[in-house]
Amino acid sequence: MPSRPSAAVWPAVHNERQTLIRELESLTPEQWAQPSLCPGWDIHDVVAHLVDSAKTTRLSFLRRLIAAKFDFDKDNANGITRERAATPEATLTEFRRIREATKTPPAALATRLIEVIVHGEDIRRPLGLLRSYPSESIDAALRYQLKTGISMGGGKERAAGLRLQASDSRFEHGSGSEVKGTSLALLMAISWRPVDKEDFSGEGAATFARKLEQASQ
């Protein structure tokens with residue numbers, strides 16, 4: 001199945017932003033300061049990153065990357081500093097203002113789905129919040145991550161030699177020993193987020209878990 005066309009991607013991205021905004025509106029100051037799944041970033045930092053990402057254009061991305069001497073981590077840190085307002089409420093107000101933006105850095109449009117879904121989970125999971133995502137959005141994001149190398153933020157190498165099978169959709173990828181799990185669990189694992197081994201089954205599950213552990217070392 002090919003990547004979703006832009007006519008479908010942007011409404012999905014906008015819907016995810018709006019859903020997250022509604023959830024963020026009820027957070028306490030303590031929850032905003034809670035660590036996210038992104039090492040070194042709290043919840044407020046992740047929201048500031050999402051604001052920064054939503055404002056990034058192809059040209060501004062290149063200019064900023066040059067200024068950061070092609071250090072992606074430094075560029076992300078600069079973006080958070082730029083967009084993290086004095087209060088969470090102010091950052092959220094800006095996120096609300098740009099929620100329907102259609103700007104993107106020089107990358108495939110599927111990365112916009114990855115951005116809102118994976119970072120959405122970076123926020124939700126530490127807070128104990130649950131989100132049921134549209135399967136077509138998850139599958140499109142997962143498909144892109146599986147064809148993109150680790151050096152470019154994907155997880156192609158983590159699935160090498162395995163056949164991934166979603167338990168909640170028709171998604172499947174690769175060949176070899178089967179690894180079965182929900183499409184969201186597979187996406188988070190491939191995107192190098194903490195996962196529970198119990199989320200996966202199949203003859204390739206143990207191998208998959210080892211690959212993920214090795215990647216985190």
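This is a predicted model: local features need pLDDT of at least 70, side-chain atom pairs count only at pLDDT 80 or more; totals for chains, interfaces and linings use all residues.
Figure 1. A hairpin of five residues joins S1 to S2, and Leu164 stands opposite His173 in S2. On the other pairing, S1 and S3 run in the parallel sense over five bridges, with Arg163 opposite Glu178 in S3. The sheet is open and consists of three strands in the order S2-S1-S3, with mixed pairing. Strand S2 (172-173) and strand S3 (177-181) stand at the edges; each has a single partner strand, so one side of each is left without a neighbour in the sheet.

**Figure 2. Helix H9 against the sheet.** H9 packs on the sheet and touches S1 and S3. The direction of H9 makes about 140° with that of S1. S1 is mostly covered, as four of its five residues are buried. In a regular strand, side chains alternate between the two faces of the sheet.

**Figure 3. The largest nonpolar core.** This core has 34 residues, and those with the most contacts inside it are Ile117, Leu164, Leu186, Phe200 and Phe208. Two or more residues each come from helix H1 (6-24), helix H7 (110-127), helix H8 (135-147), strand S1 (162-166), helix H9 (183-190) and helix H10 (205-215). H9 gives the largest share, seven residues. What does Leu186 contact, leaving aside its neighbours within four places in sequence? Its partners are Leu142, Leu164, Gln165, Ala166, Val179, Gly181, Phe200 and Phe208.

**Figure 4. Asp52 in helix H3.** Asp52 is located in helix H3 (residues 43-55). Is Asp52 buried or exposed? Residues under 20% relative accessible area are classed as buried; Asp52 has a relative accessibility of 3%, and therefore counts as buried. Not counting residues up to four places away in sequence, Asp52 touches Arg64, Gly79, Arg82 and Glu83.

**Figure 5. The largest pocket.** About 1600 Å³ of space lies in this pocket. Its lining comprises 46 residues, of which Asn76, His119, Met152, Gly153 and Arg193 lie nearest the centre. The elements that give two or more residues to the lining are H3, helix H4 (58-67), helix H5 (72-83), H7, H8 and H10. Which element provides the largest share of the lining of the largest pocket? That share, six residues, comes from H7.

**Figure 6. The largest cavity.** Rolling a probe the size of a water molecule over the atoms shows where empty space is left. A search of the whole structure finds one cavity of 30 Å³ or more. The largest cavity has a volume of about 50 Å³. Its lining is formed by Arg17, Leu50, Ser53, Ala54, Phe95, Arg112, Glu115 and Val116. H3 and H7 each supply at least two residues of this lining.

Note on methods:
Residues are numbered from 1 along each chain as its sequence is written. Side-chain values use heavy atoms; hydrogens and water are left out. Buried means under 20% relative accessible area, exposed over 50%, partly exposed in between (1.4 Å probe, protein chains only). Contact means heavy atoms within 4.5 Å. A nonpolar core is a set of buried Ala, Val, Leu, Ile, Met, Phe, Trp, Tyr and Cys residues joined through side-chain atoms within 4.5 Å. Two strands pair if DSSP finds at least two bridges between them. Axes are lines fitted to C-alpha atoms, for helices over the stretch in contact, and angles run from 0 to 180 degrees between N-to-C directions. On a 1 Å grid over the protein atoms alone, a cavity is a set of points where a 1.4 Å probe fits but cannot get out, and a pocket is an open set with protein on both sides within 12 Å along at least five of seven lines; lining residues have an atom within 4 Å of a point. Grid points are joined across faces, edges and corners, and a volume is the space filled by probe spheres set on the points.
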